[in-house]
Amino acid sequence: MKIGDLVRYVSDVCRVGIVVEMIQKKCWRTEELGPMIDWSKIDPESHAVVLFPHDGGTISIPAIELEVFDESR
């Protein structure tokens, strides 16, 4: 995944946006790590900053929750 790619949520294939930036940040996954947040236990992971046509701005989303949209399909 890189800047300029069209991407969509893995869980919501109807939502397609464009990657405008790639960043590193921490993401606490409560379902895996529990409700007690301890930022020292996790490392930053890749996030894509995505612009969706229906939103007024950008959203940062963990890269593992996105897939590159293949326009040829």
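**Before selecting anything**

This is a predicted model, in which local features need pLDDT of at least 70 and side-chain atom pairs count only at pLDDT 80 or more, while totals for chains, interfaces and linings use all residues. Residues are numbered from 1 along each chain as its sequence is written, and side-chain values use heavy atoms, with hydrogens and water left out.

**Stop 1: the whole chain**

Display the protein chain as a cartoon. Its secondary structure comes to 1 helix and 5 strands, arranged from the N terminus as β-β-α-β-β-β. Helices (H or I, at least four residues) and strands (E, at least two) are DSSP runs, numbered from the N terminus. The C-alpha trace spans about 40 × 25 × 20 Å along its principal axes. Of the 73 residues, 27% count as buried; buried means under 20% relative accessible area, exposed over 50% and partly exposed in between, with a 1.4 Å probe and protein chains only. Among the contacts with a separation of 6 or more, 45% come from residues 24 or more positions apart, where contact means heavy atoms within 4.5 Å.

**Stop 2**

The 5 strands form an open sheet in the order 4-3-2-1-5, with antiparallel pairing. Strand 4 (58–62) and strand 5 (66–68) each have a single partner strand and stand at the edges, so one side of each is left without a neighbour in the sheet. From one strand to the next the twist averages 45°; axes are lines fitted to C-alpha atoms, for helices over the stretch in contact, and angles run from 0 to 180 degrees between N-to-C directions.

Next, select residues 6–9 and 16–25. These are strand 1 and strand 2, which run antiparallel and are joined by 3 bridges; two strands pair if DSSP finds at least two bridges between them. The two strands form a hairpin with 6 residues between them. Within this pairing, Leu6 stands opposite Ile18, and Arg8 has Val16 as its bridge partner.

Strand 5 pairs with strand 1 in the antiparallel sense over 3 bridges, and here Tyr9 stands opposite Leu66.

**Stop 3: the nonpolar core**

Show the side chains of Val7, Tyr9, Val19, Ala48, Val50, Phe52, Ile61 and Leu66, the 8 residues of the largest nonpolar core. Such a core is a set of buried Ala, Val, Leu, Ile, Met, Phe, Trp, Tyr and Cys residues joined through side-chain atoms within 4.5 Å. Strand 1 and strand 3 (45–51) each supply at least two residues of this core.

Centre the view on Ile61. Not counting residues up to four places away in sequence, Ile61 touches Tyr9, His47, Ala48, Val50, Phe52 and Leu66.

**Stop 4: the aromatic rings**

A pair of aromatic rings is described by the distance of the centres and the angle of the planes. Rings of Phe, Tyr and Trp (its six-membered ring) pair if their centres lie within 6.5 Å; planes under 30 degrees apart count as stacked, over 60 as edge-to-face and the rest as tilted. By this rule the count comes to 2 aromatic pairs.

Select Tyr9 and Phe52. Their ring centres are 5.8 Å apart and their planes stand at 10°, so the pair is stacked. Tyr9 lies in strand 1 and Phe52 in the loop between strand 3 and strand 4, so the pair ties together parts that are 43 residues apart in sequence. Tyr9 counts as buried at 16% relative accessibility, as does Phe52 at 1%.

Move to Trp28 and Trp39. With ring centres 6.2 Å apart and planes at 75°, this pair is edge-to-face. Trp28 counts as buried at 11% relative accessibility, whereas Trp39, at 42%, counts as partly exposed.

The charged end of Arg15 sits over the ring of Phe52, 4.4 Å from its centre; the rule requires NZ of Lys or CZ of Arg within 6 Å of the ring centre and within 35 degrees of the ring normal.

**Stop 5**

Which residues is Glu67 in contact with, leaving aside its neighbours within four places in sequence? They are Leu6, Val7, Arg8, Val10 and Val13. Glu67 lies in strand 5 and is partly exposed at 28% relative accessibility.

Finally, select Asp55, found in the loop between strand 3 and strand 4. Asp55 is partly exposed, with a relative accessible area of 26%.
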